[in-house]
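Open your viewer and keep the selection tool at hand. We will go stop by stop.

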Amino acid sequence: MKINLNSFLTSVSMALDAVEEELLFTTTNHGKRVAYIAIRLGQLNNLSKEELFDLCSYAILHDNGIIQSYQKLPNTKSSVEIEDLQEHCKIGEKNISSFPFLTNQKNVILYHHEHYDGTGFFKKKSDDIPLFSQLIFLADMIDREFDLNNISLQIKDDVIDFIKENKCKLFSPKLVENFLILASNQSFWFDLDKNAILGVYSKYVPNINVEITYEKMLEISKVLSVIIDSKSKFTAQHTMDLMEKSKIVAKHYNLSSDSSLRLQIAANLHDLGKLYTPLEILDKAGPLTDEEMFIMKKHAYSTFALLNTIEGFEDVNKIASSHHEKLDGSGYPFGLKDIQLEFEERVLACLDIYQALTEMRPYRRSMTHQEAMNILYSSAENNLIDINIVKDIDKIFGRVN
C-alpha cells in the first residue's frame, strides 16, 4: 500500500495530543508545536530533508509511552508524576521500533529527557545525548513550561530568559545559540500561536510518500493498538485479542493475504478515536448517562476522522470506522445499512461485540462464550448483525471454550 507519511503523522499527532491534554495538561497541538520548533532548530543544524522528516516523526512520537506509564502509577496521579517517569522513555523507544524512519537514528525517544549537564534520567551528558533528543527536549520543555498556545511579549521574553539561564545546564551552548537566532525573528513567535501552528507545521514538514507493505503497516498498527488499549485498564487486551480473532476468522473464510492483513490493521485501529474519550467515561462503574453515551459514541466518528486524513488508508478506514454500524441502519456514526456494509466490515462489527462481551468491564463480569453468543444471535435475529457470520463465530470460537 502507498501512504503519505505526513498525513499519517498528522493523524497520530492529533490522537496523542488528545491524550497528553487529558493526562499531562499540555496545550492543544503540543506534538505539532514541538515538531515545528525542533524542525526549525534542525534546519540551523543543516539536517537533510530525510533527517528533518525523521526529526518531525520523533517529535510527534516523543511521548507515545505516556499512556502505558500512566496505567502503572498508583491511584494518585499527576502530570508531574507521569512526565517524571523514566519508564515512558523506555516504553516509547520500544514502541517506535517498527516505524518507517528514513534515516538511522539511535535512542532518540529513550534520551529525550536528558540534560546537557548529565542530570537527566539516564545521566547522559553533552555529546553523548543524540542531537535529535536534544532538539526535542528543548522544544518540549518550553511548550510545557510556557503557554505558547497564546503567545505574548511577556511569554516570549520569559522563554528567552529560561533558555539563556539553562545554557550548559539543560541545553548545549550551540543549541542555545541557534534558538536565539530563531527567537530574533518575530514570525517564529507568531507561528507558535494556536491560530497559526497547524498551517506552519504542514509547511515545514518535508512531504514524503512511501510504498509500505501490509505486513509492515500491521506492525505499526500493533504499536498504536497497545497505546489505545492502555488508556483504560479494562481494555488492556481488547484490540490485540480482536486482531487475533480477525486473523483466525480471515483464515476460516480463506481471505487473500492482503484482505486478511487489511482486516487485522482495521481491528488494531478501530478504537483509535477512544483516545479522545475521557477516562471517567471509559472507566465508569455504572450505566452511562445519555450525555455520556453520546460522547462515547463519538469515538467511532473520531476514528473515521483521524484515519480519513491519511492518504492511502481509505479501505482500512471504512472497515475500522464501521464497527458500530448495524444492518438496519440503526448503528453509528453514519447509520449505514446492509447494502452499504461490505463483508469485512460485517465481520469486524460481529467480532468487536463478541470480544467486548467476553471481557471484564467496570460495570459487569466477563461473559462465557455461550452467554455472548446468545446476545449475538438475538442481535442477528433483529437484523442488526450478519447471522451467517454469527454462526461461524459460534463454530470457530465455541471449539476453544
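Select Asn-64. Is Asn-64 buried or exposed? Asn-64 is buried, with a relative accessible area of 2%. Buried means under 20% relative accessible area, exposed means over 50%, and partly exposed is in between (1.4 Å probe, protein chains only).

Before moving on, note that this is a predicted model: local features need pLDDT of at least 70, side-chain atom pairs count only at pLDDT 80 or more, and totals for chains, interfaces and linings use all residues. Residues are numbered from 1 along each chain as its sequence is written, and side-chain values use heavy atoms, with hydrogens and water left out.

**Around Asn-64**

Asn-64 sits in the loop between helix 3 (49–60) and helix 4 (66–71). Helices here are DSSP runs (H or I, at least four residues), numbered from the N terminus. Now show polar contacts: pairs of N or O atoms within 3.5 Å, where one must be able to donate a hydrogen and the other to accept it, and residues adjacent in sequence count only if both atoms are side-chain atoms. The side chains of Asn-64 and Asn-95 are joined by one of 2.8 Å. A polar atom of the Asn-64 side chain also lies 2.7 Å from the backbone oxygen of Leu-61. Leaving out residues up to four places away in sequence, Asn-64 touches several others, including Leu-16, Ile-109 and Ile-227. Contact means heavy atoms within 4.5 Å.

**The nonpolar core**

Next, select Ile-142, Phe-171, Phe-179 and Phe-313. These have the most contacts inside the largest nonpolar core, which has 111 residues. Such a core is a set of buried Ala, Val, Leu, Ile, Met, Phe, Trp, Tyr and Cys residues joined through side-chain atoms within 4.5 Å. Zoom in on Phe-171. Among the residues it touches are Tyr-116, Phe-137 and Phe-162.

**Salt bridges**

How many salt bridges are there? The count comes to ten. Each is a side-chain nitrogen of Lys or Arg within 4 Å of a carboxyl oxygen of Asp or Glu.

Pick Asp-386 and Arg-346. Their closest N and O atoms are 3.0 Å apart. Asp-386 lies in the loop between helix 19 (369–381) and helix 20 (387–398) and Arg-346 in helix 18, so the pair ties together parts that are 40 residues apart in sequence. Asp-386 is buried, at 13% relative accessible area.

Finish with Asp-392 and Lys-395, a salt bridge of 3.8 Å, N to O. The two are three residues apart in helix 20, so about one helical turn separates them. Asp-392 counts as buried at 15%, whereas Lys-395 is partly exposed at 47%.
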